[in-house]
Every structure is written in structure tokens, then in C-alpha cells.
Amino acid sequence: MTLTPSTGHTRSVLGAGAVAETPDTAGLVHRASQPGYDRWLRHIASAAGCRYPIRLAGRTTSADPSTGEVTADLDTAHMPDGVLYTACGNRRASVCPHCAETYRADTYHLVHAGLLGGKGVPDTVTDHPTVFLTLAAPSFGAVHTAHKSGKPCHPRRDPHVCEHGIEFSCLRRHETGDDYAGRPFCLDCYDHQAQVVFNAYAGELWRYTSQNMRREVDRLGKRYGVKLRVSYAKVAEFQARGVVHFHALVRLDGVDPLDPDCITPPDPRLHVAYFEHALRQAAETTSYRTPAHPERPDGWLLSWGERSIDTRQVRLTVRDLDDNGALTDTAVAGYLAKYATKATETTGHLSRRLTHDTVGYYADMNTHPGRLITAAWYIGQLPDGIARLDENVDERIAFQKAWAGLHRWAHQLGFGGHFSTKSRRYSTTLATLRAARRNWKRQQAHAEDYPDKTVQPGDEPDILTIGHLTFAGIGWHTTADAQLANTAAAKAREHRHTVKEEATEQPF
């Protein structure tokens with residue numbers, strides 16, 4: 001299926017979550033009074049609740065690949081509004097809460113399956129040593145801190161005074177979400193460039209760390225004469241100071257020589273404390289030097305902070321924290337899923353991708369996020385000396401490969417990596433979960449159309465869909481449509497929650 005841009009212009013509005021709370025009474029009455037209103041509700045059901053639904057126009061043909069029989073021939077011109085609605089799929093809760101909730105739920109099930117089994121993962125994983133690993137960046141300058149214990153930010157009897165005349169001392173007790181939390185004491189002393197570079201290459205630093213984890217685990221296995229494997233699920237989170245750090249759920253697996261792809265328990269002699277020590281050792285000894293830059297011919301040497309490596313054992317109990325302070329499966333899965341839908345909003349910055357025309361609005365040198373954006377844009381800018389000379393083609397290519405991405409990800413303060421990743425054998429994939437959801441929706445739609453016929457999973461033949469769809473716009477046509485779609489999505493969620501609660505209360 002191909003997507004091509006449309007030349008037509010249509011009016012769009014944001015989803016109901018972004019429009020004014022005042023209802024468009026006239027628009028609501030007009031839409032609801034139309035003869036095809038029920039058909040319109042069914043038509044937009046897949047995107048209802050989305051803040052920025054994508055509208056597609058064109059034609060699709062579905063056929064049975066085994067027989068060549070055409071099972072459906074759909075033209076969007078005959079559909080309500082003349083378009084096909086699809087959810088934007090954005091994972092950021094600040095952009096689209098509806099799609100972010102779907103992403104969060106998928107991430108939760110993915111992480112949870114790697115802890116308790118299910119969805120293709122054996123139940124024996126509950127006996128595998130598992131560690132919740134947190135890796136954070138080093139300090140790039142003193143910042144105001146919100147301590148969980150509630151102690152003052154930076155109490156100093158003899159405070160340090162920087163060359164700009166600012167005292168590095170603060171007796172306030174900042175709470176989480178405080179505007180001061182994460183703000184540097186002195187913007188001029190803070191190393192914004194180093195922090196942006198860390199964000200840009202944090203993914204590479206993690207890749208080197210995961211390689212060291214495997215080496216340390218291999219050494220651990222050789223001591224006991226067994227083969228071991230590391231499986232993990234990882235998410236990235238922005239700290240209030242605007243730098244990413246990683247949370248990873250790391251599991252120790254055994255390796256069956258006869259079936260290497262099988263997930264098997266490790267040797268029972270391998271206590272989780274040995275595994276925890278191996279992970280910490282790997283993180284503490286990992287470093288990565290970035291490619292050369294005109295500002296730094298030797299590049300930047302990156303490593304995790306000396307006091308920013310935390311390991312906690314995960315135990316399967318009914319509470320979030322057991323008596324020994326170990327995290328439980330439910331707590332960890334919920335934490336990782338929550339982090340996967342967040343981005344730079346904790347720093348006070350929120351924008352879409354920046355361009356040469358828009359970056360000046362956000363590059364405010366009087367704010368911490370503004371200086372980070374400025375640093376990202378400056379480091380990613382091709383120097384004039386390289387850009388003008390034809391003989392510097394190789395240098396231009398090398399620079400663009402290493403640093404041009406900072407322009408693309410300046411709105412993410414330099415971080416362009418994935419917010420949620422996992423190793424291949426940890427558990428199922430997001431694609432598998434989404435395919436299962438699509439199949440379930442298809443079966444539900446079939447059950448509504450043919451209530452007398454029971455369809456079991458796998459009964460429906462594989463369908464090949466061929467079509468040409470053009471991009472027709474983003475958003476709902478009117479504010480009333482957005483409000484009606486959001487209401488329909490809310491009622492559907494309420495119905496699912498009610499059914500789930502009733503099923504849970506049924507005696508067995």
C-alpha cells in the first residue's frame with residue numbers, strides 16, 4: 001500500500017482533548033441529526049479519542065491470496081466524510097493522550113510477559129534472576145534538586161561562589177514538578193554542550209554497556225561451566241535537568257545447547273546477587289568516545305555517573321515493595337510503561353520538530369531548555385570551513401553522519417533514540433501485540449455483522465490488501481466531530497472497564 005501527499009486543502013481541528021471545553025451545540029446537533037450518524041460513529045471508531053487522527057483518501061481492494069477472489073473493494077469516496085480515519089499512534093502523552101495510553105498498555109504487557117510469562121514466553125521466567133537497572137548521566141553542573149526524602153536542595157555552610165558571582169547553595173525543599181527542580185544554579189557555568197552530546201550518543205553508550213554486560217555474564221557462566229544469556233527491556237526518561245537516563249529490566253537466562261532460541265532457567269547456583277554485581281561492574285567500566293567535532297577534535301568521552309548507577313533485585317510478590325525493599329513485577333512493569341510515554345515536558349520544554357524558521361523562538365539563552373536547544377543547533381551546524389571547500393567532501397559526509405542529527409532532534413534536546421527497546425528474546429514484540437489487537441477488532445466487527453455465526457481465531461483466511469491512499473489531512477473536520485469522537489471513545493473505555501470488572505468479580 002502506498003501513501004502519497006494530497007494536493008487538496010481541507011480544514012482541520014485538533015481532537016477533543018485540545019479544543020475548548022465549550023461545546024459546539026449547533027455542530028453537535030447537525031452531525032447527530034444526520035441519517036448516517038450511526039454509520040459515521042462506527043466508521044471513526046478506530047480513531048475516536050485520537051487528538052490528531054490522520055485522514056486518508058483513495059481506494060483499497062482486499063482479496064483471498066489462495067483463490068484470487070476479491071472479498072472487498074472499498075472507495076473512501078463512499079465512506080462518511082469521504083476519508084478513512086486512522087489514529088496518529090504518537091507515544092507521547094503530552095501530544096496525544098489516547099494513543100499514548102495504547103502505547104503504555106502495550107509496553108506494560110510486553111514488560112510483564114518477560115517477568116511472569118505468557119504471550120509466547122514460558123512461565124519459568126518467574127524463577128530467573130532479574131534486576132532493575134538504572135543508569136544516569138554524570139553531572140554537567142550544579143542544579144536545584146528535589147530530594148525524595150524531603151531534605152533541603154543544596155544546604156552549604158560555606159557555599160561555593162562561581163566566577164559569575166552566584167552562590168551554589170539552596171535551603172528550599174523542592175517538590176517533584178517544582179519549576180526550580182533541574183534548573184542550573186548558573187547557566188554560564190553549566191556545560192550545555194556536553195549534556196546535548198550525551199543525549200545524542202546515550203544510545204551508543206547503552207550499546208557498549210549491553211556488550212559489557214554480556215561479557216561479564218559470560219565470565220560468570222564460565223566459573224560454573226554453563227552458558228548464560230542476558231535479556232532486557234529498556235526505556236529512556238528525561239530528568240528535570242534535560243538529560244536522558246535509562247531504566248532497564250535485565251533478566252538472566254540459561255542457554256540450551258540443543259535449542260539456543262529456547263528461554264530456559266539458568267543454573268540454580270547463580271544467585272541474583274552475582275548477576276547484580278556483574279551488571280554493576282559492566283556499567284562502571286563502560287565508556288564511549290564520540291566522533292571528532294570542530295569544537296572537540298578528540299570527541300567527548302562519555303560514561304555513566306559515578307553515583308548514578310543503581311541496581312535493585314526484582315522479586316515476585318503481591319506488593320510494590322517487599323520487606324527487603326526489592327521491587328516487584330507489577331511495580332517495575334508499571335514504571336517502565338509510564339516512562340515510555342514521557343519526553344521533554346519534565347524540563348518545561350514542549351515543541352514539535354524545529355526548523356531554521358522556528359528554532360529562534362525556543363533558543364532562549366535566558367532559560368536552561370533554551371540553552372540546550374541552542375547548543376544542539378550549534379553543534380549540529382555544518383562549519384563554514386567544511387561547507388565551502390569542494391575538497392572537503394569526505395569531511396562533510398563524516399560531519400553530517402555524526403552530528404547533523406542534532407538539528408533533527410533539537411526539540412528532544414539532542415536525544416534521537418528509541419524511548420522503548422528490548423532484546424530479541426526478552427518477550428513478545430509491539431508489532432505482535434498490535435496485530436493481535438487488529439485481529440480481535442476484526443473478529444468483533446464480524447460478530448456484529450453476523451451475530452448467528454461464531455468465528456474462532458484462525459478461522460478467517462489470510463487477506464491481501466492492495467490499494468493507493470493519499471494523505472488528505474490531520475485532525476477532525478469540525479470541533480463538534482472532535483467532541484463526539486472523544487465522547488464515543490470515553491463510552492467505549494467505560495464499557496470495557498465495566499466488562500473487565502464484572503469478569504473479575506465472577507466466582508470460579
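**Salt bridges, a helix and the nonpolar cores**

Arg31 is buried, with a relative accessible area of 11%. In this predicted model, the side chain of Arg31 meets that of Asp81 in a salt bridge, at 3.1 Å from N to O. Asp81 counts as partly exposed, because its relative accessibility is 29%, and the cut-off for buried is under 20%. The pair links distant parts of the chain, the two residues being 50 apart: Arg31 belongs to helix α1 (residues 25–32), while Asp81 sits in the loop between β3 (70–75) and β4 (84–86). Asp481 joins Arg31 and Asp81 in a network of salt bridges.

The structure holds 11 salt bridges. Side chains of opposite charge can pair when their charged atoms come close. One of the bridges is formed by Glu216 and Arg219, whose closest N and O atoms are 2.9 Å apart. Both residues lie in helix α4, 3 residues apart, or about one turn of the helix. An α-helix has 3.6 residues a turn, so residues three or four places apart point the same way. Glu216 counts as buried at 16% relative accessibility, whereas Arg219 is partly exposed, with a relative accessible area of 44%. Another salt bridge joins the side chains of Arg172 and Asp178, at 3.6 Å from N to O. Arg172 is partly exposed, with a relative accessible area of 43%.

In soluble globular proteins, nonpolar side chains tend to be buried together. The largest nonpolar core here has 56 residues, and within this core Phe198 and Trp403 touch the most other members. At least two core residues come from each of β5 (130–135), α4 (192–224), β8 (228–238), β9 (244–256), α5 (272–284), α8 (368–379) and α10 (393–403). Helix α4 gives the most, with 11 residues. Leaving aside residues up to four places away in sequence, Phe198 touches Ala137, Pro138, Phe140, Leu205, Val243, Val244, Leu302, Ser303 and Trp304. A second, separate core has 15 residues, among them Ala233, Val235, Val314 and Val332.

Leu115 counts as buried, because its relative accessibility is 3%. Thr126 is 11 residues from Leu115 in sequence, and the C-alpha atoms of the two residues are 5.9 Å apart in space.

Conventions. Residues are numbered from 1 along each chain as its sequence is written. This is a predicted model: local features need pLDDT of at least 70, side-chain atom pairs count only at pLDDT 80 or more; totals for chains, interfaces and linings use all residues. Side-chain values use heavy atoms; hydrogens and water are left out. A nonpolar core is a set of buried Ala, Val, Leu, Ile, Met, Phe, Trp, Tyr and Cys residues joined through side-chain atoms within 4.5 Å. Buried means under 20% relative accessible area, exposed over 50%, partly exposed in between (1.4 Å probe, protein chains only). Helices (H or I, at least four residues) and strands (E, at least two) are DSSP runs, numbered from the N terminus. Contact means heavy atoms within 4.5 Å. A salt bridge is a side-chain nitrogen of Lys or Arg within 4 Å of a carboxyl oxygen of Asp or Glu.
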